[in-house]
Amino acid sequence: ALLPYVPRVPPTALPGKVTATTFALEMPCCVFDGHADASDAVWLVVAFANASDAFRNPPSRDDVPPYERLPTAHSYMTLETAAAAYTCPAPSPAVLRVGGDTACGGQGSRDPCNGPLPSPGPYRVKFLVMGCHGPKAETRWSDPILLRRAASPSTIDPAPARRDSAAVVVASILASLGAALAATVLGAVGAEVWGSLCRRDPGNGPFAHRSYRTHHIPPALPQPLPPGCRCSPPGLGCFAPRAPRPCPAE
């Protein structure tokens, strides 16, 4: 059966949604209900975009093209999953990661492997339901999926370019001129501030032209001393001299 579902990369923002060797696919939940039994398996077919039309569904699991055949056959099958994982009630992750198993390759094993994709592609994918007697249902091919191109390590300069002596001299002169200009500006600003502080009139402060009532008692003006009056020690006032007492009679 040809199902109308078209696999696609999630349209929402997703970390690592498309990299140089992997990409993510939406989970095809509820797509195979009524077309797959609990004992069936759902495979993901990955092919180069220009080779997808030439792909033929394998008649049995023993004929599934492995990951290692991608460079020569231009297609392989991976992500063998029980059909029950894609039913509506079954909890499942929101996306599938294609090419996320870095341990694949060079092992000589025919077990299904979800290894990194060797080139930017573009690729096209489809889901295929396989039963005990061969294919039972499949989705449509996806639109072409192009991976990101990794930067070549040879284009990265590990050391910054060295500047020649002329550039160093010019940079030193410019730095000296900048320092002199900064010192001149700071000196002028400092002199202006100092002059304004010196010319400031204390009578023009925030408390000028205000009247305040105080309890200060002005000092009394000095009075002329009376005749024959001598001053006592400071703070004790003045007093007239007393006549000496007569000596007692013997």
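Is K126 buried or exposed? Buried, with a relative accessible area of 5%; here buried means under 20% relative accessible area, exposed over 50% and partly exposed in between (1.4 Å probe, protein chains only).

1. Ground rules. This is a predicted model, where local features need pLDDT of at least 70, side-chain atom pairs count only at pLDDT 80 or more, and totals for chains, interfaces and linings use all residues. Residues are numbered from 1 along each chain as its sequence is written, and side-chain values use heavy atoms, with hydrogens and water left out.

2. K126 and its partner. There are 5 salt bridges in the structure, each a side-chain nitrogen of Lys or Arg within 4 Å of a carboxyl oxygen of Asp or Glu. One of them pairs K126 with E138 at 2.5 Å, N to O. K126 sits in strand β5 (residues 123–131) and E138 in strand β6, so this bridge ties together parts 12 residues apart in sequence. Strands (E, at least two residues) and helices (H or I, at least four) are DSSP runs, numbered from the N terminus.

3. K136 and D40. These side chains also meet in a salt bridge, 2.6 Å from N to O. K136 is in strand β6 and D40 in the loop between β1 and β2, 96 residues apart. D40 is buried at 5% relative accessible area, while K136 is partly exposed at 32%.

4. K136 and D37. Here the closest N and O atoms are 3.2 Å apart. D37 lies in the loop between β1 (23–26) and β2 (41–48), so its bridge to K136 in β6 (134–138) ties together parts 99 residues apart in sequence. D37 is partly exposed, at 46% relative accessibility.
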